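Subject: Structure for you to look at

Hello,

Here is the structure I promised to pass on. Please open it first, then read my notes below.

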Amino acid sequence: MSARLFQPQYLQAPRNFVLPQFSQAICLEIGAGMGRHAILFAEQNPDKILVAVERTSAKFKVFAARQQDHHLENLYPVHADAIPWVVHALLPQTVEQLFLLYPNPEPKNPAQRWLNMPFFEFLLSRLQDNARITLASNIPAYLDEAASQLEQMWKLPFVRQAIAPDSARTHFEVKYLARGEPCEELIITKPAQYQTRFDSYISPMARC
């Protein structure tokens with residue numbers, strides 16, 4: 001596990017935070033952008049609930065407008081920083097699928113990459129047994145590092161695969177594939193009985 005321990009007790013809830021209430025396990029997308037993947041996924045999976053989190057105001061404004069146009073009752077756009085939102089909104093073992101599609105590669109701050117952050121351990125605690133994480137990127141070195149972290153630090157099984165040239169899940173994916181860039185993804189599984197140091201942690205707000 002990470003040498004640095006994530007400390008959720010010091011994080012304040014996002015501004016205007018409302019505790020969500022879901023009747024089933026959810027799917028979660030972090031960094032939803034303008035919502036292309038979120039809308040497609042919700043349309044194609046009407047039996048699943050997708051919570052799609054986007055921090056950037058301009059992108060979220062477009063996403064929220066598009067979501068209203070599509071009238072998707074199983075899609076919940078969230079305008080917030082994903083880290084405090086996850087800490088305060090989600091209970092352990094409540095996420096069945098997680099999407100991290102073309103995250104910022106943080107070239108000047110590698111410690112902020114998802115699999116390098118102590119928060120990733122907390123995020124794993126919110127996932128159900130056998131939940132799946134999809135991490136996509138157009139930067140081979142980013143996925144090389146992520147694969148190394150999965151093997152050496154997180155001890156999680158994964159499959160690395162190329163993304164089909166006609167895939168169009170996100171606006172970034174459309175752009176990168178049109179340029180002929182080598183888009184790939186890691187399909188990561190959280191095994192049953194996998195343990196983290198946050199498996200019993202519940203935010204005081206979530207206990208209310």
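Is the crossing of α3 and α4 left-handed or right-handed? The crossing is left-handed. That word applies if the near helix is turned anticlockwise from the far one by less than a right angle; clockwise gives right-handed.

Some ground rules. This is a predicted model, where local features need pLDDT of at least 70 and side-chain atom pairs count only at pLDDT 80 or more, while totals for chains, interfaces and linings use all residues. Residues are numbered from 1 along each chain as its sequence is written, and side-chain values use heavy atoms, with hydrogens and water left out. Helices (H or I, at least four residues) and strands (E, at least two) are DSSP runs, numbered from the N terminus.

Back to that helix pair. Helix α3 covers residues 82-89 and helix α4 covers residues 119-126. Their axes come within 11 Å and cross at roughly 40 degrees. Axes are lines fitted to C-alpha atoms, for helices over the stretch in contact, and angles run from 0 to 180 degrees between N-to-C directions. The two helices are therefore oblique to each other. Here is the scale: under 35 degrees is roughly parallel, over 145 roughly antiparallel, 65 to 115 roughly perpendicular, and the rest oblique. Ile83, Val86 and Val87 of α3 meet Phe119, Phe122, Leu123 and Arg126 of α4. Contact means heavy atoms within 4.5 Å. These contact residues divide into 6 nonpolar, no polar and 1 charged. Nonpolar means Ala, Val, Leu, Ile, Met, Phe, Trp, Tyr, Cys and Pro; charged means Asp, Glu, Lys and Arg; the others, Gly among them, are polar.

Now the other pair. Helix α1 (36-44) packs with helix α2 (57-70) at about 20 degrees, with the axes 10 Å apart. That makes α1 roughly parallel to α2. Their crossing is right-handed. On the α1 side, the contact is made by Arg36, Ala38, Ile39 and Glu43; on the α2 side, by Phe63, Arg66, Gln67 and His70.

Next, the sheet. It is open and mixed, with 7 strands in the order β3-β2-β1-β4-β5-β7-β6. Two strands pair if DSSP finds at least two bridges between them. β3 and β6 stand at the edges with a single partner strand each, so one side of each has no neighbour in the sheet. β1 (26-30) and β2 (49-54) pair in the parallel sense over 5 bridges.

Last, the salt bridges. A search of the whole structure finds 9. Each is a side-chain nitrogen of Lys or Arg within 4 Å of a carboxyl oxygen of Asp or Glu. Glu96 forms one with Lys48, with the closest N and O atoms 3.1 Å apart.

Best wishes
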